[in-house]
Amino acid sequence: MEMEAEEHEKESLHPESENQKQKTPVKGVRDLLWTPINWFRMLSSELHWSFVVGVVIVYGISQGLSMGLSRISIQYYLKDDQKVQPSEAQVYFGIIQIPWIVKPFWGLLTDTLPVLGYRRKPYFVFAGLLGVISMLVLSLDKNLNLTMSLLALMAGSAGVAIADVTIDACVTQNSIRHPSLAGDMQSLCGLSSSVGALVGFSLSGFLVHLVGPKGVFGLLSIPPGLVILVGIMHRESRARNFAYKQVSVKLLDAGKVMWTTLKCGSVWRPCLYMYLSLALALNVREGMFYWYTDAKGGPSFSKEVVGSIFSIGAVGSLFGVLLYQNFLKSYPFRDVLFWTQLLYGASGMLDLVLVLRINLKFGLPDYLFVVIDEGVSVLIGRLKWMPLLVLSSKLCPAGIEGTFFALLMSIDHVGMLSSTWAGGLLLHILNITRTQFENLWMAILIRSLLRIVPIALLFLIPRSDPNLTILPSEMLRTKKANDVHEYETLEMSSLVNGT
């Protein structure tokens, strides 16, 4: 009896202990929900809310959502309306992406040529207007031939590229001012892009089925309209008494700084790796797309199913960003790239299993296997891409951040263009057409093996702490970070007031 009384007394002395156990799971869920909100608040506090909103709109809506909607729309437009072959579609997709290759030109403009005293605002507005006009032309002109369609698509791509390089300049500036937040900023960009792509791909198949590719092009005039809003609300100091006559001098100086930076071993080596790692991963996406929708040789997926498959890829991309942000961002670049490149090559073999119909022998339906394939492949691809983005943001010298980051990204796009056109050539050589897919397995095998080759080139990547700077200190000299006006006008100091 005495022991029972003592136990009862202990329980009465600590009545809250049982309640705490019950509240622990609730508190864990609450913390899980509040973590991303607090992260956004932290970024808004450190970097200003207009910057965070601008990244979300440009990366999440202008790029992510638009990419999700436009990719399937363009694929069906070329396949059903223009009746092109898979190898030709690969070439045309490469042509549409040419504005991304000339990103250094857009970067030079944003860094050296202010409009009405502003270096960022006008370019956001111009990019938005270009995108709105091009999408409306594609949507409203019912007799547009292939050449004019490609020009309109290139104009829309240019609008997205100009907005991208302008926001990239802002990201790079903040990466130099806040080096410890460089990974967070790239995660914000990747997160926004992945969520936007998820929404875009989820809706794309249904929208293409309901209103057709041209109807979707009309809807795609909305995202660039929001980019115009970014230009209006962007926080930027105005440069007064700007000496436009000296722009050519500034362009020449910027070119010299770029060349000097590129000659630095810690810069050209990663650039070479980034190009080769992308160029060697041959792109045979259009061959797979035509096979997906073929009624005889393929699984004959509908528009809605194709859109849902790509939406799973967007989920994989989102998880890739979260994995990198939470577990991998502190590991050396070379270590992360070794494992992701190896897994990237292995994941390519899943397409081989699908095309050879091996999955059916094990009782796995085509749709289920494709969903697994797409999610895993895109997740690994994002994990491989994230450290390269963070590394690129750390290779930019002060004064031409936007230009140099654009140069690095254009190198990446040249690599992707090489991959796309080489993949198109491979499809043509193997005689993979709108209705013939007998050799598609061979194209997939060659692509998957080539994905592993860049592992032998990892010596080009620095084995350094990703939280530390890579460039010499003299290339990173800036004004004090808390003096916004001085920092914003640093790049223009030789042109202001005629000096």
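Lys103, Trp106, Gly107 and Thr110 in helix α6 meet Ala161, Ile162, Asp164, Val165, Thr166 and Asp168 in helix α8, where a contact means heavy atoms within 4.5 Å. Sorted by class, this contact has 4 nonpolar, 3 polar and 3 charged residues. For the sorting, Ala, Val, Leu, Ile, Met, Phe, Trp, Tyr, Cys and Pro count as nonpolar, Asp, Glu, Lys and Arg as charged, and the others, Gly among them, as polar. The model is a predicted one, in which local features need pLDDT of at least 70 and side-chain atom pairs count only at pLDDT 80 or more, while totals for chains, interfaces and linings use all residues. Residues are numbered from 1 along each chain as its sequence is written, and side-chain values use heavy atoms, with hydrogens and water left out.

Now for the geometry of that pair. Two packed helices are described by the angle between their axes and the distance between the axes. Helix α6 covers residues 103-112 and helix α8 residues 146-177; the two pack at about 55°, with their axes 9 Å apart. Here, axes are lines fitted to C-alpha atoms, for helices over the stretch in contact, and angles run from 0 to 180 degrees between N-to-C directions. That angle makes α6 oblique to α8. Angles under 35 degrees count as roughly parallel, over 145 as roughly antiparallel, 65 to 115 as roughly perpendicular, and the rest as oblique.

Another pair is helix α15 (residues 333-347) and helix α20 (residues 440-452), whose axes come within 8 Å and cross at roughly 170°. This makes α15 roughly antiparallel to α20. On the α15 side, Gln341, Leu342, Tyr344, Gly345 and Ser347 do the touching, and their partners in α20 are Ser448, Arg451 and Ile452. By class, the contact of α15 with α20 has 3 nonpolar, 4 polar and 1 charged residues.

Zooming out, the protein chain has 21 helices and 0 strands. Both are DSSP runs numbered from the N terminus: helices are H or I with at least four residues, and strands are E with at least two. Of the chain's 499 residues, 54% count as buried, that is, under 20% relative accessible area with a 1.4 Å probe, protein chains only (over 50% is exposed, and in between is partly exposed). Among contacts with a separation of 6 or more, 85% come from residues 24 or more positions apart.

Helix α13 (residues 285-292) is largely enclosed by the rest of the structure, because 7 of its 8 residues are buried. The buried ones are Glu286, Gly287, Met288, Phe289, Tyr290, Trp291 and Tyr292.

Serine 193 sits in helix α9 (residues 182-219) and is buried, with a relative accessible area of 12%. Leaving out residues up to four places away in sequence, serine 193 touches Tyr59, Gly60, Gly64 and Arg382. Its C-alpha atom is 9.8 Å from that of valine 321, 128 residues apart along the chain. Threonine 261, found in helix α11 (residues 247-262), counts as buried at 1% relative accessibility. The C-alpha atoms of threonine 261 and phenylalanine 404 are separated by 9.0 Å, though the two residues are 143 apart along the chain.

As for cysteines, a search of the whole structure turns up 0 disulfides, a disulfide being a pair of cysteine sulfur atoms within 2.5 Å. Cysteine 189 counts as buried at 4% relative accessibility, and cysteine 264 counts as buried at 18%.
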